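Colleague: I would like to learn how to read a model like this one. Can we go through it feature by feature?

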Amino acid sequence: MPRMPAFSAVLLLAFLPAFVGADSDPLYEGFREPPSRYRPFVRWWWNGGCVTEAEVRRELDVMKAAGIGGVEINTIQMPEQSIPGLLENVRCLEWLSPEWNEVVRAAAVGARERDMTADLIVGSGWPFGGRFLQGAERTQRVRVVKITLPDAGPFEARLADLASEKEKDRDEIHVAPRLAFLRLVPDGLTRFEPGTELSEEPGVVGADGTIRVEASGNQVLYLGILEEGYTFVKRGAPGADGPVLNHFDAQAVRRYLDRMSKRLGPALGGRLGDALRATFVDSLELDFANWTGDLPSEFERRRGYALAPYLPFVLDVGGEGEGTDFADTVRRARYDFHRTVVELFQERFLSTYARWCRDNGVLSRVQAYGRETHPIDGGLLVDIPEGESWFWGDHDRITKHPTVVNRYVSSAARLAGKRLVSHEAMTNAVPAFRVTLADMKLLLDEALLTGVLHPIIHGFNYSPPEAGFPGWVRYGTWLNEKNPWWPFVRRFTDYSARLTSVLARSDGQASLAILGPRADEWARHVRLYQPFPEIAIPWYHYALPGALASAGYGSDFVSERVLQESTAADGTLRFGPREWEGVLVLDAESLEPGTARALESFARSGGRVLFVGRAPSRAPGLFEAQEKDRIVREAIEAARAADRARVAVVPAPEAGPLGGLDQTRRPLPDFARRQLLHWVSTTLPAFDLRPPVRIDAPHVDVAQLRHRVGEREVVFFANTSETETVAFRAAFATADARPWRWDPETGARAPYPFDDRPDVLWIRLEPSESLLLVFEPADGDLPDVEAAPVRPSLPPSEWRTVAGEWAVSFRPAVGGRTFERRLRPLEDLSLSPDPELATFAGTVTYRATFEVPDSRFDRLDLGAANGVTRVKLNGEPLGVSWWGRHLYDLGDALMPGINSLEVEVTTVAANYVKSLEDNPAAHRWTWWYPPISTGLVGPVRLLKTRP
């Protein structure tokens, strides 16, 4: 561990002169008292549309008091596990009915009256649709069934039977199949030939749908099955349930959206924007939709050749084998197919939706990713791109993970010059009632590091008092005034709002652009699903920006389109407001010719290009393939020849035995993260790509996010380890600017100490601790504060355990009576043989006395404390701790002799809810997990940390 420096009083005095008051500093004022638009919003589930104006207003008051700044009104299906009988007297409103519209109006007006913001989801559930859709307005796909025929003789099967053999995914239904193609092909092709189309030949397809084929040996039959309306809205509420909309039909999209605005707009004052900030499009889970009526003609117009000969093989992913002309041809055509589908989606859905939003005076807020769009190019089309961050439940553990698409989402926003990037935050479909405020802080910090800045928390259930306990629970983070830790939620919302306020009003910095091998992905696979791609290609694709951030770099993902539209000069590549000194191309075999030429131009201008793993050697796509391949090879070789000290092929990082690990829903294992960080730290400096923040001991659990606003440099650090303290020295490119710590928990700011130079700082971060540094120009007016400079924490040099008998009182959060126990020693309450303790949820107060000979100790460490803690020593409040280690500064409260200690621990609801075995809503979420650790376990210690 590095030595912590001593600080000169003379140096610290340099911070104290002040010439400008706080009220002339808008950035700091917005940090100290964040505007409501930067406060966390919530997804407000209107379960079943069973809403009233009175309850809407009551819940808005609850949220306002908790520091929530806005709501996303999200009408959704009523949870299946509601307490029987509680819906008998509840009136449920259909989406877009006059009554429902009036409650939306009341919610939007009520939000505005409370200085809150209202957004509204389009439709209900995801993706949107409705029973009113007809024919081709419903989503479509073509899928292939492949049959190896007998050596000789007849083959006979019914189309309906062949179509039904595929196991349906959730919310998919069996629909009447139509034959898109019926192709007979020789088995084992090594050179491409389309085979024989049989669908129009007499006698092959009977009137009853029976297919009859005479086999002659070594043949394969490809059936293309066209399905229309095969997938339904997930969790759709009445009025917006039913088939999913065909997102590839611009007219159908506009009709759907106009139907919504024409019915709802008048109730909101004339148009949607008179009451709403934005409308929202949730997950684009179109279940492999890939078709619309004019796709073949559009394909031919855009790609220069007919789709039909290649379609069976394009859809038969993996069936082309390896290393043959046939495989090469099929993969080129498959790339062209996927590219066409993506173009149609972006033009016909995303662009149509964005125009409709503008016409109705609202912003477009979209999770612009899925299988259907490129997460960069799609994100460029909308006003507020949105990502996701999830809680996953692993037995008695909660895994916190921002999705891998987040860095694509934030990159798209920065490329378009948009500062506000939202994310569906704390998404929780598994570990219900178990999430703590500490979990929420840690996941928020991790999400901020990915560049998504404004959390829309998942979520707040509309649940009236008569719904009973635990109420209507759609999903599981359970923001609710019945939650035991709800009285402390304002601490989280204040923390979040202050960080969002600063980061969303400044510009994220990046020196590196990253291009993933999207063309190769489309050629070899289906379009992989975002935010959880089935595989990571290459393995480090999505983890690389995190390793770069740990090493002190900033990066943007880019697309081939972005590179093609960039300009290069003097070793810098520019696109819109972004500029980079280096480009990393990740294991790409194929590039569009325009992309290869853009990289050549950048290299010739003095830029640095690293081809990781291999140099691109070909173009994707089938039309004029040989000529395009030649252009790519020549451009890449010319780029490398420009200066091999700046442009090179570098070995790819080696991960070790990843095996079948899920690399996209969970973080990479530590050994792979360490290997990737080592690769970054050794490879990039060899090409003079130096990190803007130079960290002497990079750690996989610590990363930074660098922003700039005016002459100020803003750097956010977070330690995402829940167990390890990390210390390091960081050097910043800030010259003689003065570092200040802005505390997002309190809104206060104070000078951050340094030794000899203000641009070189020692930093020590406790588990789950974050640090916001703002570098003030030395020649400007420094802030006027009376606070002492921040004192970095030190490891303890001495400690003493507080032991003995504890008098403990239990105040349940829900019903019940307060009761008392005596504990010696402390224990995990969830493991107690006493059922009142094992199933407790609420506030536990521990009291003990202890004796010390003097007051040399300066901190109290509660050890393992499962919940939010509040401490008093000798009657003097020491504060509240809701994340990380439960450490308290003792100040002057510790006295020689006898001392009285009081510790409150507020628990999660998990064990109590689990005990309600006859409650359907409770049992639905809790039956599978073991007891969750609860209460103060200790050891409780006094620490000496000051010299």
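Modeller: We will take the cores, then the helices, then the strands and sheets. Keep in mind that this is a predicted model.

Colleague: Let us begin with the cores. Which residues have the most contacts inside the largest nonpolar core?

Modeller: The general idea comes before the case. In soluble globular proteins, nonpolar side chains tend to be buried together. Here the largest nonpolar core has 148 residues. Trp44, Trp46, Phe337 and Met440 have the most contacts inside it. Helix α9, residues 325-359, gives the most to this core, with twelve residues. A second, separate core has 68 residues, including Val405, Ala447, Leu563 and Val680.

Colleague: What does tryptophan 44 touch, beyond residues up to four places away in sequence?

Modeller: Tryptophan 44 touches Val56, Glu59, Leu60, Met63, Val71, Glu72, Ile73, Asn74, Ala107, Phe460 and Tyr462.

Colleague: Now α9. How does its reach compare with the expected span?

Modeller: Helix α9 has 35 residues. From first C-alpha to last, α9 reaches 50 Å, close to the 51 Å expected at 1.5 Å a residue. There is also a kink of about 30° in α9, centred on glutamine 346.

Colleague: Why call α9 largely enclosed?

Modeller: Count the buried residues. Of the 35 residues of α9, 28 are buried, so the rest of the structure largely encloses this helix. Glycine 361 follows α9, and its phi is positive, near 75°.

Colleague: Take another helix. Which residues of α17 are buried?

Modeller: An α-helix has 3.6 residues a turn, so residues three or four places apart point the same way. In α17, the buried residues are Ala625, Asp629, Ile631, Val632, Ala635, Ile636, Ala638 and Ala639. They pack against α9, α16 (593-604), β23 (608-612) and β24 (647-650).

Colleague: On to strands. Which strands does β12 pair with, and in what sense?

Modeller: Read each pairing by its direction and its bridges. Strand β11, residues 363-366, pairs with β12 in the parallel sense over two bridges. Valine 366 has proline 385 in β12 as its bridge partner. Strand β14, residues 422-428, also pairs with β12 in the parallel sense, over five bridges. Strand β13, residues 397-402, runs antiparallel to β12, and six bridges join them. Serine 389 stands opposite proline 402 in β13.

Colleague: What sits between β12 and β13?

Modeller: The two strands form a hairpin with two residues between them. Histidine 395 takes a positive phi near 55° in this hairpin. As for burial, ten of the eleven residues of β12 (384-394) are buried, so the strand is largely enclosed by the rest of the structure.

Colleague: In what order do the strands of the six-stranded sheet run?

Modeller: The order is β16-β26-β27-β32-β29-β30. This sheet is open, and the pairing is antiparallel. β16 (507-508) and β30 stand at the edges with a single partner strand each, so one side of each has no neighbour in the sheet.

Colleague: Where does tryptophan 740 find its bridge partners?

Modeller: In a regular strand the side chains alternate between the two faces of the sheet. Bridges, in turn, tell you about neighbouring strands. Tryptophan 740 has valine 774 as its partner in β32, and proline 751 as its partner in β30. Strand β29 (738-742) is joined to β32 (770-776) by four bridges. Three bridges join β29 to β30 (749-751). Tryptophan 742 stands opposite arginine 749 in β30. The hairpin of β29 and β30 has six residues between the strands, and glycine 747 in the turn has a positive phi of about 85°.

Colleague: Which helices lie across this sheet's strands?

Modeller: Helix α11 (437-449) lies across β26, β27 and β32, at about 135° to β27. Helix α12 (489-503) lies across β26, β27, β29 and β32, at about 140° to β27.

Colleague: What is the strand order in the three-stranded sheet?

Modeller: That open sheet is ordered β25-β28-β31, with antiparallel pairing. The twist averages 30° from one strand to the next. Six bridges join β28 (726-732) to β31, and valine 726 stands opposite leucine 765 in β31.

Key:
Residues are numbered from 1 along each chain as its sequence is written. This is a predicted model: local features need pLDDT of at least 70, side-chain atom pairs count only at pLDDT 80 or more; totals for chains, interfaces and linings use all residues. Side-chain values use heavy atoms; hydrogens and water are left out. A nonpolar core is a set of buried Ala, Val, Leu, Ile, Met, Phe, Trp, Tyr and Cys residues joined through side-chain atoms within 4.5 Å. Buried means under 20% relative accessible area, exposed over 50%, partly exposed in between (1.4 Å probe, protein chains only). Contact means heavy atoms within 4.5 Å. The expected span of a helix is 1.5 Å times one less than its number of residues. The bend at a residue is the angle between axes fitted to the seven residues ending there and the seven starting there. Two strands pair if DSSP finds at least two bridges between them. Axes are lines fitted to C-alpha atoms, for helices over the stretch in contact, and angles run from 0 to 180 degrees between N-to-C directions.
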